[in-house]
Structure formats: C-alpha cells, structure tokens
Amino acid sequence: MAHPVSFDLQHTLHELGHYLPAQAPLKDFVHHNTLHAFQRLPFHKAVQTASENFGYTVYWNLEKYRELYHRNKINPEILDRIIISHKSADELSRWRHLLLHSPLAEFSEPKIGQLRILWKKHFNLNLDKEVHQNLFRIISAYLDQGISIWNFPVESKGLVAGIRTLEKNSFSSFIKSKRARQLLFNNQTKIEDLLDVLVGNTDRYAQYLFDQQFAHPGWSGMVSVLENHPESLLDKRVITLKDLIFLECILEIDALDRRRGSNWSALAAYIPDHLPGILDAPIYSEIIEIHKLWQEAMEWTYYDQVIKGLQLGPEKEEKPTTTPPFQALFCIDDRSCSIRRYVERFAPNASTFGTAGFFNLPFYFQPEHGKFMTKVCPAPVTPLHVIKESESKLRHQKDAHFSKHTKGIFGGWAISQTMGFWSALKLAKSIFLPSETPAMVSSFHHMDPNGKLTVSCKNPDHKHHGLQIGFTVSEMAAAMEGLLKSIGLVADFAPLVYIMGHGASSVNNTHYAGYDCGACSGRSGSVNARVAAQIGNNPEVRIILGERGIQIPHTTQFVGGLHDTTRDEMVFFDLKVLSGVNRVLHEQNLQVFETALDYNAKERSRRFQTINSKQAVKKVHDQVKLRALSLFEPRPEWNHATNALCIVGRRENNRHLFLDKRAFLNSYDYRIDPEGTHLFGILKAVAPVCGGINLEYYFSKVDNQRLGAGSKLPHNVIGLIGVANGMGGDLRTGLPQQMVDIHDPLRILITVEHFPEVILKAIQTSQSTYEWFANDWVKLVCINPESKQALVFRDERFEVYEPITQTIRSVHDLDGLLESTGENLPVFLIA
Amino acid sequence: MIHQLTISSFVILPLLAFVISLLLPKSKESGFSMVAFGMISLQLLTVTGYIGYWMLSGSIPIDIPELELYNNGDYRFLLDLYFDSIAAVYLWVGSFITFLITRYSRFYMHLESGYKRFFNTLLFFYLAYSLTVLAGNFETLFFGWEMLGISSFLLIAFYRDRYLPVRNAVKVFSIYRIGDIGIILAMWASHHLWHENIAFISFLDEKLVAHHLVAHEGTGLFIAVCLLVAAAAKSAQLPFSSWLPRAMEGPTPSSAIFYGSLSVHFGVFLLLRTYPFWEHQLIARILIGLTGLITALIAYPIARVQSTIKTQIAYASIAQIGIMFIEVALGLETLVLIHFAGNAFLRTYQLLVSPSVVAYMIRDKFYHFKPREITLEDTFPKKLEYSLYMLSLKEWNLDHFFNKWVFGPVKRVGRKLDFLTPRNLMFIFLPVYAFGLLLYFNQEYIPMEVLPYMPALFGFLGMLLVFKAFSERTYPRLALMLVMANHFWIALAVSFNERFDYAQTQIYLSGVIVAGVIGYWALNSLRKNEPNHFDLNKYHGHVYEYPKLALVFLIAALGVMGFPITPTFVGVDLLFSHIHEDQYFLAAFDAISFVFGGIALIRIYARLFLGPHVKNYHPTALKTS
C-alpha cells in the first residue's frame, strides 16, 4: 500500500517519545523536569502550551494565591511591581482588580483527546474501556520484573512478535475479529495500514496517535523510556513504542469489529474541519495571565527576602585566625542545609562545604555477590570506571511474606494456617513497636562498611564489562583537584576533613529511590564518600595535588561518612587509618555530630504533625528514627519538599542566614576561579539537578492528578517497575501527594556569587545549560562579590535588582521559633 | 442477663462510635482516630473477656431476641443476636484486625482529605461486621449484609474524584446485589418452610430441621442453592470472582481489612452459619464443594500470572477461600475457622506490606538473579501452556461474564422503554396504575383463569421499569421515579394475593415516598444549578461543589432502595411473606427488581456526584487513573 508523505511515522514516534513522561522504573527513580519537553520555550509560554494541549494544570489554585495574599504571604508591593513590569503602570489597578476579584474560570478544553471522543460520539463506543484493560495486562505481564510467578511464556523478541506467537498457538485469544487477526499475523502490516483502517486521513494520523498514547501516558512513557534505556530493567525485555502502538491499533480494530461488526468506518468522515491540531501555539488567555502574575508575585515575595539577606552578608573578608577543628563536605542536597547549620552551631570554628554528592567521582559500584552494577553518579553521566567490593559480610534477610509459595493452593493452605498467625503477631509488633525488617530500605545497607573497595587501578587493561576497575593515580588526582577547587577548599586544611554522603531509609515506600542522593542516581552516597576519602588520603595523589598548588598537610586525614537523612544518624568509614591524634579529635567531633543530628531531627519534627516538637531533643529524635521503620508512615521524611533556593558561593557569605532547609548550598569561591571554568561545571549540574528536582515538585504539587502520582495510599505495585491506582489503571508518574503536601510551588532561585560577565559566559558555554536560564525555568540572580549589588537575569541579560525588603529580622531563640510552627518560615538573620 | 448485655454491647458500642464519629467536626483528625481506636480497644477487651467466660461456662450457643421491630400477630420482625463458636471466632478475628488497622490508619491516613469519611466508613463497616456475625436470624443477617454492601461501595469509591474507583465501586456493588437475590429468595423460601422468621439457633434442633425438610425437599435445596449464590458472591467464588481484585481501589489498609481479610470471608461465614440446615442435603454439599474446588483450580493459575501485587494476593486469597468452601462442605468446621483466621491475618499483612515488594524483590533480583526460571507450565505442551496462560491473563473472561449475561440483557430490555421521559412518565404511569388499582378493587370482573397471573404480571411490569431506570442515560429524575414506581407495582401485585391490612402496604410505601420526595428535591436543585451537566451518560463529579446535596441524595437513595433506615426495609420482608410458595415468578421478579432498583439508584448517585469533576478550574484526574 502506498502512503502519502504527509505522515512520517518515525518523526511522530520521536515526537511522542519527547512529550511522554520520561520516568524510569521505580528502582532508578531520578527527579527531572516533568515538562522537560517544553523546555525550549520560555517558562510561562511553555506551561500554557502544555496546559492547552494536554490539559495539565500548571499553576496553583487562584484561591490559594488569594489566600496567601490575604495572609500577607504575598507582598502587595511586590505584586504591584510585578504587574507594572509585565503590564504597565496605567493598567495596574485594572489588573490588580482582576487578580483579586475575577471569578474562577475554567481553562480551555485541552486539544488532546478531541479525536478520540469521536468514537464515543459517533459509534457509541468507549474505546478506552474496551482496549485498555487487555493492553495494560499484556504489557504489564510482558515487562514484569518479578511479581508474577508464571512469566510471559514467549522468550523476549519483542512485544508484537510475542503476541503473534501466543495468538497463533493458543485456543484462547485476545483478538477475536477476523480482520484484526489477519492484520496481526501478516508480517507486512505496517502501522500506517492500521491507521488507514482507523483514521483514514493521513493528515490526522499523528494527532490520532497522540490521542491514543496520551490516554495512558504512564504506560506509553514507560515503554518509551525502556526502549531508550533497556539497561534500567534487570530482567531485560525488548520493547518499542512502535510495537505498543501496533498492538494497540490491532486491539482497537478488534474491539470495533467485535462491538460494531461492519457497522463502523474510519474516523476521517467525522472529523470536523475546524478541529484544532495538537501542539498548536497558544494564544493570549487572560486567565492564564492572571495566574502567571500571581505566581511571579508569590515567587518574588520570597526571592526578595533572600536577595536582601545575601546582601547583608559580612562586609569584609575575615581571615580565620586559627585552623578550623575540622572541615566537612556535604552534598548540595537541601537536606544538608539544616544539618550543616547545626554542625556549625555546635562547632563554630569548623567549616562546612557543599558540592554534588558523588564528589566528582563518576563510577559504577559492583557489590560483592551482586549480579549487576549500580550507577552512582548523576543520571546523564556515563561512567568509565567500576569500583568492586570484596570481603563483604553484608547479608540480606528473607521475609516469607513475599514468597511465591503463599500464593499457591497447597502452599497457601499450609502457610495461612501456620504462618498466618505469625503474621498477626508481626503486624501487631510492627504497629506498636516498629523495628528493622527485611522489607525496609536502609541507607546503611548499600555497602558493607567493613568490605574492601578496589579504589586504585592495578592494571588499566583489565576490564570488567568494558569498564576500568578503579582509578589510576592521575585520574584520582584530577578528580580530587576538581572537587577541592570547585568548592574553594585549597588551603588551611583542618586535621580532619569529613566527606559525607547521604541516603535515606524507609519501609513501604515504592519511591524509595527518589529519597536517596540524586547526584548518585538515586542511591545512597556511601560508596562515593568512602572512595573520595580514600583518594584524599592517598600519598601519591597528594604529591600530584601539591604540584598543582593544593598543599595538604601530612597531619590532615580524610574521613568518609554517611548521613541518613531520615533517621538523622551518621556512620563513618575506615576509621582504622586515622592517626592516634586524629582519632582523639574524631571522638570529640563525633559529639558535635551527635548533638547536631539530634537538633536537626527536632527541627524536622516541626513538619511532622504527628510528633510533638516541643518535647526534649533526644525524645523527639527517637520518634523521628521510628518513622523510617514504620509500615504505616507514608512520609518517613519530607525529602526535597519546600526546596526553593540554590546558593552558589562561599559559605561565609550565607552562614548568617536562616534558610529553613529550603536551599541547595554549593560552595564556590570566585577568587580561585576568575575565568568561571569551575562555575560552569557547577551550573551545568545545578541547573538540571536542582532545577529538575524543583520543577518535579512544582508540577507534582500544582497538578497532583495528572503530573503527580496522586495519593500513594491506594497505590498498587505493577511489575516492580511502576505504581498504578488499583488494578486497571495507567502507571502513575511524578510524585505522590504525600511527598508534596507541604511544598510551595516556587521555581528555584539560583544565586551566584561572581561578576555578571563571568556568570553569563559560564552559562552560555553549553546551549542545554543556557536554556534553563534563558527560558526562566530556573531564576538566576548574580550577587556581585565586591559591591553586593544584585542583578537579576531577565530576557537574557542581567538587570540591577533593588529589593523591596528593607530589613531582615534576626532571631535569638531559633529553637523556640522552630518548635512553635509547622509552616514555611521567612528568611531570618541568625543572631 | 450478662450474656444479653455483653452481646448487645458488641453491636451497640460500634453503633455509638459510628454516630459520634459522624458528629465530630471534620478538622479534628485525632478525634476520629481516638473514638475509633478507643471503641475498638474496649470492644477487643470485652470480646476477649467474654469469649473466655463463655467457654468456661460450657460454650453453649446463646440466642438473644433483641428488638421487635414489627409484630402483627402472624408476622414478626425481630432483631435477634446469636453467639456460638463461629460468631466467637469471627468476632474476635474481626475485632483484632480492626484494632490493628484503626491504629495503622491513624498515621497512614494523616492529611488525607477524606480522613473523616474514612473513619466514618470504617466504623460503619465494623458495625455491619459485628451485626452480621452476631445475627441470630435471616432478617438480622440481611440487615448487616446490606450495610456491608454500602460500606464496601463507599470504601472502594473513597477516591471519588477518579473514574476507576467509582466505576469499580459501582461494579462491585452490583455484583454484591446480584448475590443478594440469593439471600432474599432464601428468606422468602424459608418463611414458607418454617412459617415464621426462623432463628438460627433452631437449626441446631436436628429433628425440627429434618421434619421440615422431609416434607419440602425441593424448597430445602432451593434455599441451600440460594445461600450458595449469596455466599459465592460475597466470597468472590466463581462466577463472581473478578470483583475482588477490582475492589482494591481504596487506601491500602481499607483494602487489607475489607478485601484481604474480613468482608471476603463472609460467604464462608454464611455457609458455616447455615451448615446445620443443609448438612443432610447431599446435593447441596456437593454443589458447595464443587464451587470451591473449581474456584480454587481457576483462581490459582490466575494468581500466578498476575503482574500486580494486589491482584495477585486477591486471587491467591480467592483460591484459599475456595478450599474453605470444600472444607465447609466436608463439615470440617474447626479447620475452616482456623483456615479463615490464618488466611485473614496473612492476607492483611501481605497487603499492608505490599508497597515494600519493590525494594525487597529488586534487591532479591540484584543478588540472586536467574534469567528465565523454568516454571511448571513450561513442561506442558506449548499450545496448552499458551492457552492456559492467555486464559489466566484474561481472568477466564470472568469480568465480561456479568456484562454479557446479566447487565447487557437488562440494559437491552430497559432501552426498549426509551420512549419514557420525565414529562410523559406521569401521563403513562398514572393511567396504567389507576387501571391496575381498578382491577384490584373489582377483582370479581377478572376471569378466574387470568386472575392468578395478575400478580406476576404486575411484578413483571415493575421489573421492566427498574430495568429502564438501570439503563437510563439521559434523565436522572426519571430513573429515580421509575424505581419508586416499581415499589408501587410490587405493592399492588402482592395485594392481589390476599386481602391484608393496608397498614402493611403503608409501612412499605411510606418510606419510599418520603425518601423519594427528598431524593427528587435533591436532583431537582442540582439540575437547577447545573443544567448543562445533568445526565447519566457519564460521571460528573458534582460532589466537589455540592458535597451536602450529594449526602442528602445518597441517604434518600438508600431509603428508596429499602436500606434499613426506613420502614421500607421491614416492608420488603413483610410483603415477601405474602408471596405464595408457588409464585416463583413473582418472587423472582420482586427480588430482581429490588436488587436492580438498588443498583440503579447507586448508579444515579455515582454518575451525578462522583468521578472526575466536569469543571477544570482545579486539577482533575485522567480517566485512566
């Protein structure tokens, strides 16, 4: 059959893959911008396009903005300033009135799905209802990673090939209609042939496929991700979006034939001429405009305080008189924001640093006995090295409740009458006395702290799955140099330098990977921290570093560690190598860390409404620890909720501010990087990582139904790769309601301490990085390190920004303030 | 006395807690959980204590005639409680699991917008559970049984702003109601068998049972089969099985307590409860055993191919319940009780930890991966293997079974009456009904050969109206009125049978009229406010803007369907007692229209008030979620 050129299947498949949700299977869950497909457009235009085409809600509720305004959480002065800057001073009163009083209006009907409803309209057939159940069952059974006991019986050669084999050799079938069966069995059948039967008008093929696939974006997105990243399944499957579409078209033809007999025809005849196509550019919409202004006003109300706060930083460079007792590197993660504040509070002379938690060491980790390798670096990076573990004593316990025997007839019979009663006791215990179980995820179980790691490379030619085992000395030195220079730690080394990775612990949490370190691809950062410390202690590395201007005294030793952000516990690795003196010092520091952890837990508890935050510190901490072990706790911790800031600069210049655990803090000293090379390295990672986290929270919050995963309470695990509601639903992407409850949807503000021209040069180095800033997906503000002048990046250039906030309140009794409220707090000066 | 007080308290305490939970303000989260947890803790304590006391005093079954709702001399509607070892085990297991789940949900449900609704429904469920378990006669059991149906509907549709939970809730409710036909007919037949509302304790009198069964062997078997249908529906046995996995739409703890453990074992309970009645009917025992056996054999491969954790647990549980049916049929009461308790605990726990399966199994794979393990089925001939696999993946078409054989035909019949509209209904209904009344008052003019067919004819007419209500797509008010009209036809039909007190008809119809008028008012005001979003063609989700109206309509609909909040409920039973033993058709028509009337009303409620909201000024869910 000849097809006109107006339809290009490859192009449409590519487009579909681009717009579908790009969420990996649960085990590899990494935060990303939910609307990444629209990133080429400026933020407001992009979200409007997304909303009008796909029916997403892209701003918060109008009522919510108004409520914030009336509670003084949106500054009227800032609102006016925003209106004037976007409209004009003349229109101020009109727009202010609209913002405050225009009635709730419905958004326009989304363009997606307009073709699909024609089936119902003209043939009285709910095609989704007919097709989805079988389609979901088939893909889910095909992709299943280990829930089903009896797997898809045909060896994986592709979805359609598998179904063909099954349908040909079975007495039972999914596809009954003769025509559909013929189309399926004919190896020559193309998708275009099927679309010809269904749609009949080549101009609308692409739109039809969009409608079809966006009726179940979860499954389609998953298939598209697996097509491009087959490695994210442990049990490999061959699958393509094309196969999925082929199968779905066949099922549709089958359903129509079955239900309507010969009494139906292609949609072409019924498509109204004026029906808009998908992805047409949006036109001006007043209701969108109103939301946009509110959104900006809400954001700038917060940004304004932060900018003012940063300007109030120390005027002069204070050269520390003594060497600090210790230095500690933490992950840039917003959860490190508060723990660092407490470490500094209880060890005022110590200094802390923030950097991406893989510590500039991209590699795969191969645990002993593990059948696979785990990537422990940012998701877009493809490592060339592997670190292998040996002498591990770590063993994972079994839990018979997950055993397949409980599902059998005789097994089930015997087990229910014996172990069934044991389950009752176990359940009672886990409700009243939560404790560690094999079902839980513990950050400390990622690696055996007493095992050995192959950090240094013995022989570069010896490869493991094509990867070099360990790093060579020069590679180690280069990585270490990059790490230390980018955070500005090049002199005045303390006797102990801690390198702290982080991870999280939880139970009954399908999204557990999203709680671990994002810079380690959703894994605990323990291996990276330990490897980084070992490299830092390597004498050969130190020689090279010395040659490159970083003199690390012999007395200085690096210690790797792990901070469990859920339980607020820390462990430290390889303490045996410490010198006698340092061992004593470490013991002292340990007390600082312990106290800091207690207080951090207490601060976090103000957000856990089921804990009384006013109790004694230790007591609160004990209750916080239990959350990680409690089956019934859907919020073991708040993860990145409330994140709104990323501050790139020296810690001394923001240490005076209370930022309420809302900031990603990246240490950076402009003085050792006048050209901005390290800055580029930082921003290249910060924009997609922090921006990605931030926007995923943003969109999951404003539209938890379509861009988020909805409440996690009814979630059902599908094939170990995703979750759905109940039995027959589509896979849910984005974050569950329970992760974003307390989040305010603000775009992230990135402040950089450097000169504007250097920053501009840095962000323009790479187009994909620049896109984030130029299109306002993240807001960028430059703080001039000398004048403290603030410049905001707008319309691709820096403009001077004068904060409206005049003073920042300083708090004396921070502890008292913290336990008194569970709400977001403004910026304070720490007295 | 102590027995009466304690056993009554097992029902009264949950009732009290339920009422208090309704009155508490929505904002006080801790209030609900404290009331629920306080009640259930107390209940668990007294249940445990009482069982100990009861066992020490000889484990003698106790019957407590509780509350007489109606008595006219030859008919008595009595709430009756009964306590024996079956009740003891069910009550204790139920209380213990509810105790754990209440505590669990207190934290799990934190910040969920339906917190209050959840605890209300949970307490309502527990009340229904206790009442059913302690029921001493069919009437009381049916009371609890109906309450279970509604609480189940409310829990499945807990996420009422999404499409699938609502659709599945209606589906499960419908299948439950189909099963209820079994209970209604069993009640009707047993009236005629015993000539009274028999108390379960009388079943223990072997001579009495044997005496009645000898004379009416057919009726005995009929009752047993009806009970089996009711039991199979509640316990998701064939051909009803497919509802159970579809019911897993609520928050995990509610799925665990309801479908994992307690509710799904009620079929087994009903069989245990009536065991002395049918134990000497070999055919009944064979049928029950076979149902269980076939279910187990079919549910097992279905469980094996499921790729989602909750459906897998559901089918595994169905298979075990199938085995319990076999055990009951074999008369192994103690074994059944142990099996029930163990299965309930096991599945509850498995469901509660089901989200952990990702982390656990992925880790397990990571360390112990074996590519393609050979399963049992791989040894079968390919064609057999593939066929079995495909069949199991399709759940043996069980889900289509009811659509194709029950709901589809009913809809087709209903559509034949599409000429009815709210405008012309009164013009058609009133004259026809007036004609019926005319005939009723002038029966002497009706030929003797025709007269016996009149009741069934009217019953049939009523049933047709209900079918129309069930299939109505455009006019919600019409559907409501049709269900009401059906009650009038039933009353008329039964009146033909014998001259009885009008008061009885009044009891029956009074509830229908009051509830119907309220329901009509609710629909009317909704129509006035939302003229563009007022039909039954899709789900509208009006509860988002009209939560109070939705509640009013729900209560009214319950009244119209004869739910035990209006006198209609007593009336239904009362009227059924006037249907003669040989009027199988009339009984069937009435039972069917009673059941479908309920489904039609819940359908109106669901389509107008539940589902994704039609207005998009706030986020709404995609249809596939």
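This is a predicted model: local features need pLDDT of at least 70, side-chain atom pairs count only at pLDDT 80 or more; totals for chains, interfaces and linings use all residues.
Visitor: Are α6(B) and α8(B) roughly parallel or roughly antiparallel to each other?

Guide: Helix α6 (residues 163–194) and helix α8 (residues 217–234) of chain B have axes 8 Å apart and pack at an angle of about 155 degrees. Angles over 145 degrees count as roughly antiparallel. Therefore α6(B) and α8(B) are roughly antiparallel.

Visitor: In which hand does α6(B) pass α8(B)?

Guide: The contact of α6(B) with α8(B) is a packing of two helices with their axes 8 Å apart. The crossing of α6(B) past α8(B) is left-handed.

Visitor: What is the order of strands in the open sheet of chain A?

Guide: The open sheet has five strands, with mixed pairing. Its edge strands, each pairing on one side only, are β2 (351–355) and β11 of chain A. The order is β2-β1-β9-β10-β11.

Visitor: Do β9(A) and β10(A) run parallel or antiparallel?

Guide: Strand β9 (residues 496–503) of chain A is joined to β10(A) by eight bridges. In this pairing, Leu496(A) has Gln557(A) as its bridge partner, and Met500(A) stands opposite Gly561(A). The two strands run parallel.

Visitor: Which residue takes a positive phi in the hairpin of β10(A) and β11(A)?

Guide: Four bridges join β10(A) to strand β11 (residues 569–572) of chain A, and these strands run antiparallel. Across them, His563(A) stands opposite Met570(A). The hairpin has four residues between the strands, and the residue with a positive phi near 55 degrees is Asp568(A).

Visitor: How many residues of β10(A) are buried?

Guide: Gln557(A), Val559(A), Gly561(A) and His563(A) point one way from β10(A), and all are buried. Phe558(A), Gly560(A), Leu562(A) and Asp564(A) point the other way and are buried as well. The number of buried residues in strand β10(A) is eight of eight.

Visitor: Which helix lies across β1, β9, β10 and β11 of chain A?

Guide: The helix comprises residues 580–605 of chain A and runs at about 40 degrees to β9(A). Its name is α20.

Notes
Residues are numbered from 1 along each chain as its sequence is written. Chains are lettered from A and ligands numbered from 1 in the order in which they are written. Axes are lines fitted to C-alpha atoms, for helices over the stretch in contact, and angles run from 0 to 180 degrees between N-to-C directions. Angles under 35 degrees count as roughly parallel, over 145 as roughly antiparallel, 65 to 115 as roughly perpendicular and the rest as oblique. A crossing is left-handed if the near helix is turned anticlockwise from the far one by less than a right angle, and right-handed if clockwise. A residue is buried if 20 or more other C-beta atoms lie within 10 Å of its own, exposed if 12 or fewer, and partly exposed in between; C-beta atoms are placed from the backbone. Two strands pair if DSSP finds at least two bridges between them. Two residues are in contact if their C-beta atoms, placed from the backbone, lie within 7 Å.
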